[in-house]
Amino acid sequence: MTYTVSAATHAVSAGDPAAPGAYVLGVDSGGSGLRVALGRVEEPGPLATTVCAEPVRTGPGGIDAGHLLDQLLPAARELLERASAAASAEARSNGASAYEVAAVAVGAAGMATLGERLRAELPGALADALGVRRVALAADAVTAYAGAVGQGPGAVVAGGTGMIALGTDLKEWHRADGWGHLLGDSGGGAWIGRAGLDAAMRAHDGRRGGSAALLDRLRAVFGSAEALPGLLYPRSDRPAVLASFAPEVAACAGADAVAAGILRQAAGHIAEAAAAVCPAPAEPDGEVGEDGGTGEVALTGGLFRMGEPLIAPLREELARLLPGARVTTATGDPLTGALRIARALAAGDLRLPHHPTMLFVPLEQEPGQRGKTAAHDEPRPE
C-alpha cells in the first residue's frame, strides 16, 4: 500500500527554529503502556524517560485522547521539573524558558486507523497545557522508521507479535502487511508460533509435516496437546500466546528440519514485505545512486532477538530480493524515533513525508486555539 503526499505538506514544518535550550518530548504509546522521553532541540538522545504502565484505552471512537493526556501530561510535567531542577544557570540564560517545550511527537499503535480523536484533540490540548506549538502525530511504524533509519530513504521491518514493513523515498510512504494475525502479519511472532504449534499437533495426530521436537516443546510449555484448544481459543490475547511459542521454534531449528523450514518460510515472508516497500534503485543496474538509491533496510523489534535461526535465512532472502540494500539492525526504537521527529520538527528540518494518518503535522498551535488542521487537509481554492 502506498501513501501519497502533496509537496505542499512540507511547508508546515518550516519557520523559525526553536530557541537553543528548548525542550522536546517524544511519546511512544503501545500495547504495554506509554513511554515518554524528554530531550533538548540541539542535543542527541534523551535527558530522561519515564514509563506509564497502563496502556491507552481504545473504544468505539478509536484511541482515547483523554486517557492518553491523563497519563502524558503528568509524566511530561514530572520530566520537565526534574530537568529544570538539574539545569545550570548557564542553561537557563541561553534564551529558553525552563519550561519551554518546542515540539512534541506522539507515536501510537493504531494511529493510522484509530487516531481520529488524537488528531482532533491532542494539538490544541498540548498547546493549552504545555504551550507547545509544534506537534506531530505518527503511526508507530513511522516512529519505528525514524528510530531505525532516521530521515533518509529506506525501509524498516518491525517484527514482534506481528510484522509490518514501512518504506519511503522521502516523497511518499509505502506499507506492507501489519494486518493482524488473521489477515497477515506473515513471518511475525504469532505466525511462527502458530506454524510451530501446527507442526506439533500434526506430530500428535500422526499427520505429514509433524515435528516430534515441537510436540515435546508444546507439552513442556502448555501441557497436553488435547488441552491446548481449550487454553488458547477463549483467550483475548491469542496473538501473544501464539507468539510465545516462536522462541521454541527457534530453539529447535538447529536440529529439527521442520522448525528450520518454518523459519525459512518466515524469512521469505519478511523479505517480501521489505522488498514491497523499499525505494526502487536509483540506477538502472540496481546500484545505489547519489540520491540514496535503495537505501537501508533496518530490522527492529523483539522478533529478531531470536538470532541466527531467523536472521541467517532472512539475510539470504533480502540479498536475493534487494541486492542493492544495506541491511542493518536498528540502533533506535520507536521512542527514539518519536524524539527524533520532535527534534526535527522543532528545528524546522522534518524531512519525512507528512500524511493525514501516517505522519500528521497540523499548523502551529497557539494556546486557546482548537481544531486547526494541517495544510494538506485545508480546502484548496478552485
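1. Before anything else, a term: buried here means under 20% relative accessible area. With that in hand, look at strand 10, where both faces are covered. Met-163, Ala-165 and Gly-167 are buried on one side, and Ile-164, Leu-166 and Thr-168 are buried on the other. That makes six of six residues buried in strand 10, which spans residues 163–168.

2. Now the overall picture. Keep in mind that this is a predicted model. The chain has 382 residues, and 50% of them count as buried. There are 13 helices and 14 strands to find your way through. The accessible surface comes to about 16800 Å², with 52% of that belonging to carbon and sulfur atoms. If you take the contacts between residues at least 6 apart in sequence, 66% of them join residues at least 24 apart.

3. Back to strand 10 and its partners. Strand 9 (residues 154–159) pairs with strand 10 in the antiparallel sense, over six bridges, and a hairpin of three residues joins the two. On the other pairing, strand 10 and strand 11 also run antiparallel, joined by five bridges.

4. Two backbone angles deserve a look. Most residues other than glycine have a negative phi. Which residue in the turn between strand 10 and strand 11 has a positive phi? It is Leu-170, at about 75°, in a hairpin with four residues between the strands. Leu-170 is partly exposed, with a relative accessible area of 25%. The other case is Asp-177, with phi near 65°. Asp-177 sits in strand 11 and counts as buried, at 13% relative accessibility.

5. Trp-179, Leu-182 and Leu-183 make a nonpolar surface patch of about 410 Å². Trp-179 belongs to the loop that runs between strand 11 (173–177) and helix 6 (189–205). The relative accessible area of Trp-179 is 41%, so this residue is partly exposed.

6. Six strands make it up, in the order 4-3-2-7-8-14, and the pairing is mixed. Which strands stand at the edges? They are strand 4 (48–52) and strand 14 (359–360); each has a single partner strand, so one side of each is left without a neighbour in the sheet. Further in, strand 2 (residues 23–30) and strand 7 (residues 101–108) pair in the parallel sense over seven bridges, with Leu-25 finding its bridge partner in Val-104 of strand 7.

7. Two helices to check against that sheet. Helix 4 (residues 116–130) packs on it and touches strand 2, strand 7, strand 8 (134–139) and strand 14. The direction of helix 4 makes about 145° with that of strand 8. Helix 5 (residues 140–148) lies across strand 7, strand 8 and strand 14, and runs at about 105° to strand 8.

8. On to charges. A search of the whole structure turns up 13 salt bridges. One of them pairs Asp-333 with Arg-35, with the closest N and O atoms 3.1 Å apart. Asp-333 lies in the loop between strand 13 (326–329) and helix 13 (334–346), while Arg-35 is in strand 3 (residues 33–40), so the pair ties together parts that are 298 residues apart in sequence. Both ends are partly exposed: Asp-333 at 28% relative accessibility and Arg-35 at 25%.

9. Arg-57, Asp-64, Arg-117 and Glu-121 are linked by salt bridges. Asp-64 forms one with Arg-57, closest N and O atoms 3.5 Å apart, and another with Arg-117, at 3.8 Å. The pair with Arg-117 links distant parts of the chain, 53 residues apart: Asp-64 is in the loop between strand 6 (62–63) and helix 1 (65–86), and Arg-117 is in helix 4. Is Asp-64 buried or exposed? Asp-64 is buried, at 16% relative accessible area, whereas Arg-57 counts as partly exposed at 45% and Arg-117 as partly exposed at 32%.

Notes:
Residues are numbered from 1 along each chain as its sequence is written. This is a predicted model: local features need pLDDT of at least 70, side-chain atom pairs count only at pLDDT 80 or more; totals for chains, interfaces and linings use all residues. Side-chain values use heavy atoms; hydrogens and water are left out. Patches are made of residues with over 30% relative accessible area and no salt bridge: like charges are joined within 9 Å, nonpolar side chains (Val, Leu, Ile, Met, Phe, Trp, Tyr) within 5 Å. Accessible areas come from the Shrake-Rupley method with a 1.4 Å probe; for residues, only the protein chains shown count as cover. A salt bridge is a side-chain nitrogen of Lys or Arg within 4 Å of a carboxyl oxygen of Asp or Glu. Buried means under 20% relative accessible area, exposed over 50%, partly exposed in between (1.4 Å probe, protein chains only). Two strands pair if DSSP finds at least two bridges between them. Contact means heavy atoms within 4.5 Å. Axes are lines fitted to C-alpha atoms, for helices over the stretch in contact, and angles run from 0 to 180 degrees between N-to-C directions.
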